[in-house]
Amino acid sequence: MTPSVSRKTAKVVGIPIDPLDMDRTIAHIAEQVEARRKGYICLIGVHGIMEAQRNPALAQIYARAELMVPDGMPTVWVGRWQGFHEMKRVAGPDLMLEVFRRDEFRGATHFLYGGRQGVAEDLRERLTKRFPWVRIVGTYTPPYRDLNLDEEDALAARLQELKPDFMWVGISTPKQERFMMRFLSRLESTLMFGVGAAFDFHTGRIKDAPEWVKRAGLQWLHRLVQDPRNLLWRYLRNNSAFLLHITLQLTGLREYPPTVVDHRFDPRFGARPQPVGKQ
C-alpha cells in the first residue's frame, strides 16, 4: 500500500500522513483485520519525520505503511493548515488502549515485543487485569542490538505457531520501523504497530502528561523533564531542524515532494540493491 498515492494525505516535510482521528484510525484497523490484510501501522511525530529526512530507508518504510497515524501535535497543526480540519492527535499509548478496549477486537489475539527485561510481562499482567477478555498470547524482550539469525528464526517460528492478530512493537524509532518492515513477510500476524514508549507509559515507568500539555504540543517537554540525559540531544536536534524545515515548506521557500514507494529500494536492508558486478 502506498498512502501518498492511494488516498489524500497531509504532507509534512515530504512525509505523507493520514488525516485521522481516533475513531477513523480504529475504523481503518477494523477494516484491515476483517480483510486479513497484513501490514504495519506507524505512529509518527517530529522525531520520525526528521529521522526520515536523514534516512531514505526509513522514508521508504513509511511509504509502505498501511497507515501513517499523526502522533504529535505539530503533524496535526500542519495537516489542519493544509485543510484537513478533522485531524487529531492519535498517540501510540492511547491507540493501544483503545484497541484493547473496543468490542470489535475482543476476539483478537496480541503479542508484545519490546521493552527492557520484564516490562512486556508486566504490561501483559496489567492489561489482562484491566481488560479481562484480552488474549495476550506471548511476549518477547529483544536485546538492544539487532537480532541475530538464530534469534530471528526462533522468533519467526514462535509467531508462526501463535499467529497473533496484533503485534505491538515497543522499541524506538527507527528501530521499530525497520523491525516491522524486515519481518513483515516472516511474522504470522495481521497487523504490527510501532508504539514506541507505550510499554513504559502503561507500566508506570514514564508518567503521562496532563491533557492540556498534550493539546499544547508540549508533551516532549514533559518527557524531557523526566529523562533529560537520554532525550535532551534528540529534542535539540530534531525540534530545531523540524522548525527550520517546516518553515521552509509552509513559506514555499523549499519544496518537499512526498515520498512514494521506490521499488528499486529495499528498506529491509537500508539501500538500493547494487547492480550485478558492482562493488
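Predicted model: local features only at pLDDT ≥ 70, side-chain atom pairs only at ≥ 80, totals over all residues.

Modeller: Residues are numbered from 1 along each chain as its sequence is written, and side-chain values use heavy atoms, with hydrogens and water left out.

Biologist: How many of the residues of strand β3 are buried?

Modeller: Strands are DSSP runs of E, at least two residues long, and helices are runs of H or I, at least four, numbered from the N terminus. Buried means under 20% relative accessible area, exposed over 50%, and partly exposed in between, with a 1.4 Å probe and protein chains only. G39, I41 and L43 point one way from β3, Y40, C42 and I44 the other way, and all are buried. For β3, residues 39-44, the count is 6 of 6.

Biologist: Which residue of β4 stands opposite C42?

Modeller: Two strands pair if DSSP finds at least two bridges between them. β3 and β4 (residues 67-70) are parallel and share 4 bridges. β3 also runs parallel to β8 (residues 191-194), again with 4 bridges, and there C42 faces G194. In β4, the residue opposite C42 is M68.

Biologist: Is V90 buried or exposed?

Modeller: V90 sits in the loop between α5 (73-81) and α6 (92-101). Contact means heavy atoms within 4.5 Å. Leaving aside neighbours within four places in sequence, V90 contacts L20, D21, M22, T25, L43, V69, P70, D71 and L95. Its relative accessible area is 0%, so V90 is buried.

Biologist: What separates the C-alpha atoms of V90 and I44?

Modeller: V90 and I44 are 46 residues apart along the chain. Their C-alpha atoms are separated by 9.4 Å.

Biologist: What is the volume of the largest cavity?

Modeller: A cavity is a set of points, on a 1 Å grid over the protein atoms alone, where a 1.4 Å probe fits but cannot get out; lining residues have an atom within 4 Å of a point. Grid points are joined across faces, edges and corners, and the volume is the space filled by probe spheres set on the points. The count comes to 1 cavity of 30 Å³ or more. The volume of the largest is about 30 Å³.

Biologist: How many residues in the lining of the largest cavity are charged?

Modeller: The lining is F100, F105, R106, A108, H110, W133, V134 and R135. Asp, Glu, Lys and Arg count as charged; Ala, Val, Leu, Ile, Met, Phe, Trp, Tyr, Cys and Pro as nonpolar; the others, Gly among them, as polar. The lining has 5 nonpolar residues, 1 polar and, as charged residues, 2.

Biologist: How many aromatic pairs does the whole structure hold?

Modeller: Rings of Phe, Tyr and Trp (its six-membered ring) pair if their centres lie within 6.5 Å; planes under 30 degrees apart are stacked, over 60 edge-to-face, and the rest tilted. Ring pairs link F100, F105, F131, W133, F166, W168 and F193 into a cluster. The search of the whole structure gives a total of 11.

Biologist: How is the pair of F105 and F166 arranged, and what are its angle and distance?

Modeller: The planes are 80 degrees apart and the centres 5.6 Å, which makes the pair edge-to-face. F105 is in the loop between α6 and β5 (109-114) and F166 in β7 (residues 166-170), so the pair ties together parts 61 residues apart in sequence. F105 is buried at 4% relative accessibility, and F166 is buried at 0%. In short, the arrangement is edge-to-face, at 80 degrees and 5.6 Å.

Biologist: Where does the peptide bond that is cis lie, from T173 to which residue?

Modeller: Omega is near 10 degrees for this bond. The second residue is found in the loop between β7 and α9 (175-183). The bond runs from T173 to P174.

Biologist: Is K163 buried or partly exposed?

Modeller: K163 lies in the loop between α8 (149-162) and β7. Its phi is positive, about 50 degrees, although K163 is not a glycine. With a relative accessible area of 47%, K163 is partly exposed.

Note on methods: 1 Å grid on protein atoms, 1.4 Å probe; cavity = no way out; pocket = protein on both sides within 12 Å on 5 of 7 lines; lining within 4 Å.
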